[in-house]
Amino acid sequence: MTQTLPQVAHEHHERLLHRVNGMPEIADNLLTAKAEDAVRGLDDLSAFLTGTLVPHVDSAERTLYPELERMFQNRHSMAP
């Protein structure tokens with residue numbers, strides 16, 4: 001079965017949200033985990049942020065937001 005673009009986008013954002021929602025747990029583990037486990041968690045988080053989340057946001061800001069702004073007739077609805 002072929003997925004629609006909205007379905008693919010929803011699944012992609014669910015995966016991102018799952019990782020973002022896990023950030024507080026990683027922070028909490030800094031207080032209780034063994035050093036090597038804490039470092040592993042931070043390394044994994046850093047890889048996610050720099051390799052996935054930041055490029056995703058940059059791409060949306062460069063491509064999606066300008067197009068949405070054009071569609072909304074330059075009402076500056078994408079400024080926030």
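Modeller: A nonpolar core is a set of buried Ala, Val, Leu, Ile, Met, Phe, Trp, Tyr and Cys residues joined through side-chain atoms within 4.5 Å. Buried means under 20% relative accessible area, exposed over 50%, and partly exposed in between, with a 1.4 Å probe and protein chains only. The model is predicted, so local features need pLDDT of at least 70 and side-chain atom pairs count only at pLDDT 80 or more, while totals for chains, interfaces and linings use all residues. Residues are numbered from 1 along each chain as its sequence is written, and side-chain values use heavy atoms, with hydrogens and water left out.

Biologist: Which residues make up the largest nonpolar core?

Modeller: The largest nonpolar core has five residues in all: Leu-16, Ile-26, Leu-45, Phe-48 and Leu-53. Helix H3 (residues 35–71) gives the largest share of this core, three residues.

Biologist: Why does Leu-53 count as buried?

Modeller: The relative accessibility of Leu-53 is 18%. Buried means under 20%, so a value of 18% falls in that class. Leu-53 is found in helix H3. Its contacts (heavy atoms within 4.5 Å), leaving aside neighbours within four places in sequence, are Leu-16, Val-20, Met-23 and Phe-48.

Biologist: What makes Thr-52 partly exposed?

Modeller: Thr-52 has 33% relative accessibility and therefore counts as partly exposed. Thr-52 also has its place in helix H3. Not counting residues up to four places away in sequence, Thr-52 touches Leu-16 and Ala-47.

Biologist: Which residues does Leu-45 contact, leaving aside its neighbours within four places in sequence?

Modeller: Leu-45 is in contact with Met-23 and Ile-26.

Biologist: How many helices and strands does the chain have?

Modeller: The chain has three helices and zero strands. Helices (H or I, at least four residues) and strands (E, at least two) are DSSP runs, numbered from the N terminus.

Biologist: Why is the chain called more spread out than a compact globule?

Modeller: The radius of gyration of the chain is 17 Å, well over the 12 Å that the globule rule gives for 80 residues, so the chain is more spread out than a compact globule. The radius is taken over C-alpha atoms, and the rule is 2.2 Å times the number of residues to the power 0.38. Along the principal axes, the C-alpha atoms fill a box of roughly 55 × 35 × 15 Å.

Biologist: What percentage of the 80 residues in the chain is buried?

Modeller: Buried residues make up 10% of the 80 residues.
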